[in-house]
Amino acid sequence: MSSLPAAPATPPDEPRPAPAAPRSPQSLTDLFVTFTLMGLQGFGGVLAIVQRELVDRKQWLTQEEFLEDWSVAQIMPGPNVVNLSIMIGGRHFGFAGAMSALAGLLALPLVLVLLLVMVHDRFPDDAAVAGALRGMAAVAAGLIGATAVKMSAALARHPLPLAWSVPIMVLGFVLVALFKWPLFYVLLAFGGLGCVLTYLRLKV
């Protein structure tokens, strides 16, 4: 009587690939060049440029991490993007990284601004110059608005429900944009409220 063929041995479980490590700046030069390019592109504000470079292109931050870091940079004294550059540079390379990112953000843009000021002082009443400045202001407003919409997608994954997040966001906008309340007090009140509510949700 012929014996039945033995069942094939069950192959061992395939090892799962380790999750990809988050990208990070390769060197101080990488930090300096990246923030220099962001500073040179940031006419009318660099929020849109910073978000695209750090999240979409370089992938040094996720959308959620960028939103958290930008929130911290917003409530700290000083310009938001300067605070963010110091945070990111210091996180990866310590004090040298913070200074490298800050220098990249400010050095060449400062030279460019001084040159533009000289040109503007020479042609203060030129209609073409005034029209160009108004056009850049409109583009800057559109970029900031588009970035705000893009960043708001991260709220769907936030511990705080949208039913709570949206009213806080709308009230903050109305008080600053329409009623001209000082930004510091609005951030202190509504930012503090958001922090407390999120903390309570995470404890549940």
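1. Which residues in H6 meet which residues in H7? In this predicted model, the H6 side of the contact is made up of Trp 164, Ile 168, Leu 171, Gly 172, Leu 175 and Val 176, and the H7 side of Leu 183, Val 186, Phe 190, Leu 193, Gly 194, Leu 197 and Arg 201. Sorted by class, the residues of this contact are ten nonpolar, two polar and one charged.

2. As to how these two helices lie, the axes of H6 and H7 come within 10 Å and cross at roughly 175 degrees. Angles over 145 degrees count as roughly antiparallel, and H6 is therefore roughly antiparallel to H7.

3. A second pair to look at is helix H2, which spans residues 47–57, and H3, whose axes also come within 10 Å but cross at roughly 140 degrees. This angle makes H2 oblique to H3, and the crossing of the two is right-handed.

4. Where H2 and H3 touch, Leu 47, Val 50, Gln 51 and Val 55 in H2 meet Gln 63, Phe 66 and Trp 70 in H3. The contact of H2 with H3 holds five nonpolar and two polar residues, with no charged residue among them.

5. Which helices each supply at least two residues of the lining of the largest pocket? They are helix H3 (63–75), helix H5 (127–152), helix H6 (162–178) and helix H7 (183–203), and the largest share, nine residues, comes from H7.

6. On the make-up of the pocket, how many residues of its lining are nonpolar, polar and charged? The lining of the largest pocket has 23 nonpolar residues, together with ten polar and three charged ones.

Conventions:
Residues are numbered from 1 along each chain as its sequence is written. This is a predicted model: local features need pLDDT of at least 70, side-chain atom pairs count only at pLDDT 80 or more; totals for chains, interfaces and linings use all residues. Side-chain values use heavy atoms; hydrogens and water are left out. Helices (H or I, at least four residues) and strands (E, at least two) are DSSP runs, numbered from the N terminus. Ala, Val, Leu, Ile, Met, Phe, Trp, Tyr, Cys and Pro count as nonpolar, Asp, Glu, Lys and Arg as charged, and the others, Gly among them, as polar. Axes are lines fitted to C-alpha atoms, for helices over the stretch in contact, and angles run from 0 to 180 degrees between N-to-C directions. Angles under 35 degrees count as roughly parallel, over 145 as roughly antiparallel, 65 to 115 as roughly perpendicular and the rest as oblique. A crossing is left-handed if the near helix is turned anticlockwise from the far one by less than a right angle, and right-handed if clockwise. Contact means heavy atoms within 4.5 Å.
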